[in-house]
Amino acid sequence: MIQLTNLTKKFTDKIAVNNISLYIHPGVVTGFLGPNGAGKTTTMRLILGLAAPTSGSVSADGKSYTALERPLSKIGAMVDAGALDARLTPRQHLMILAAAAGINKNRVDELLSFVGLRKVANKKINEFSFGMKQRVGIAGALIGDPETVMMDEPFNGLDVEGIHWLRTLLRDLAEQGKAVLVSSHLLSEVQEIADRVIVLARGELIADMSMDEMQEKSIGSYVQVQSDNIAGLKKILIENDAGVDMPESGILHVRKMNMRRIGDIAFTNGIRIYELVNYQPSLEQLFSELVAGKTDYKGLNHHDKEEAKQ
Ligand SMILES: Nc1ncnc2c1ncn2[C@@H]1O[C@H](COP(=O)(O)OP(=O)(O)OP(=O)(O)O)[C@@H](O)[C@H]1O
Ligand SMILES: [Mg+2]
């Protein structure tokens with residue numbers, strides 16, 4: 001498992017990654033989110049040992065990437081698809097990786113088919129569209145059948161079918177027990193497949209939580225309730241620590257309590273419910289608030305609660 005501990009990277013006039021501690025969990029897809037310049041790529045480069053931290057550390061099963069015996073079987077990454085050697089064909093590119101890592105060459109043809117590049121396997125990468133290069137990069141990330149798969153903006157340049165294909169692929173990898181870290185600017189790009197989200201902004205960790213937590217804790221969410229005894233219900237819900245408003249007569253907006261519990265409390269007290277509906281702000285809206293620093297997300301960094309940013 002990959003662990004970041006107080007990871008910091010300073011450039012001359014800039015802190016790109018500021019004291020980040022987190023785990024990348026196995027068996028789940030983690031969306032790695034943040035606006036341009038948030039520090040996502042730098043963090044991935046630090047994990048891969050492509051850049052050295054200013055302070056703090058990264059470890060994979062307790063070791064640094066460069067100390068790993070078979071790094072490609074531990075972490076597979078697609079960090080800069082544009083940096084592929086364009087004079088090579090995808091088959092040559094993957095053969096070189098396979099040879100360097102002592103991986104059976106049969107794996108190369110298997111992967112070329114898998115990423116949909118079999119027909120162009122012997123064409124030079126410089127003839128490829130950006131999306132095709134992404135596919136070469138994706139194949140490269142998978143070559144060592146790694147425990148952790150990291151991809152930086154892999155959806156960029158993919159067409160609709162490619163996006164669907166990649167989403168399915170990433171989910172499958174997680175279901176095989178791998179840790180999958182996928183960066184994006186857009187929550188919507190990873191929302192369907194992510195079990196967790198890590199949000200960075202200006203190099204700082206803003207949130208690290210499960211998708212369910214993100215949905216539940218979203219401050220804007222509430223349950224709308226209508227009942228034959230609004231006043232009675234309101235009183236009982238407040239006694240049970242719910243936050244309750246009455247935006248108009250006959251309607252309650254209930255926070256900090258889920259629908260099931262509201263229903264149970266009403267039932268126990270013999271109060272009829274006419275409406276029980278969950279209202280949630282869109283996650284994209286919540287994400288923008290997080291990034292703008294407007295939303296209070298205390299203690300969501302399960303790894304080190306004291307360090308969680310607000
Ligand atoms: N080699 C470098 N030298 C100086 N500054 C750098 C270097 N690499 C990154 N930075 C700076 O560090 C910050 C974080 O950059 P990074 O590329 O990690 O962000 P990002 O989240 O990947 O952004 P994007 O979504 O645009 O890819 C930026 O302000 C960037 O300008
Ligand atoms: Mg980047």
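Which element supplies the largest share of the shell around ligand 1? Helix 1 does, with three residues.

The model is predicted: local features need pLDDT of at least 70, side-chain atom pairs count only at pLDDT 80 or more, and totals for chains, interfaces and linings use all residues. Residues are numbered from 1 along each chain as its sequence is written, while chains are lettered from A and ligands numbered from 1 in the order in which they are written.

**View 1. The shell around ligand 1.** Around the ligand stand Phe 11, Lys 14, Ala 16, Gly 34, Asn 36, Gly 37, Ala 38, Gly 39, Lys 40, Thr 41, Thr 42 and His 185 (C-beta atom, placed from the backbone, within 6 Å). Strand 2 (14–24) and helix 1 (40–47) each give at least two of the shell residues. Helices (H or I, at least four residues) and strands (E, at least two) are DSSP runs, numbered from the N terminus. Three shell residues are nonpolar, seven polar and two charged (nonpolar: Ala, Val, Leu, Ile, Met, Phe, Trp, Tyr, Cys and Pro; charged: Asp, Glu, Lys and Arg; polar: the others, Gly among them).

View 2. Strand 1 (residues 2–11) and strand 2 run antiparallel, joined by seven bridges. Ile 2 has Ile 24 of strand 2 as its bridge partner.

**View 3. Helix 3 against helix 5.** Helix 3 (residues 90–101) packs with helix 5 (residues 130–142) at about 20°, axes 10 Å apart (axes are lines fitted to C-alpha atoms, for helices over the stretch in contact; angles run from 0 to 180 degrees between N-to-C directions). The two helices are therefore roughly parallel (angles under 35 degrees). Pro 90, His 93, Leu 94 and Leu 97 of helix 3 meet Val 136, Ala 139 and Gly 140 of helix 5 (contact: C-beta atoms, placed from the backbone, within 7 Å). Five of the contact residues are nonpolar, two polar and none charged.

**View 4. The six-stranded sheet.** The order is 5-6-7-3-8-9 in this open sheet, with mixed pairing. Four bridges join strand 3 (residues 29–33) to strand 8 (residues 196–201), and these strands run parallel. Phe 32 is opposite Ile 198 in strand 8.

Methods
Two strands pair if DSSP finds at least two bridges between them. Angles under 35 degrees count as roughly parallel, over 145 as roughly antiparallel, 65 to 115 as roughly perpendicular and the rest as oblique. Two residues are in contact if their C-beta atoms, placed from the backbone, lie within 7 Å.
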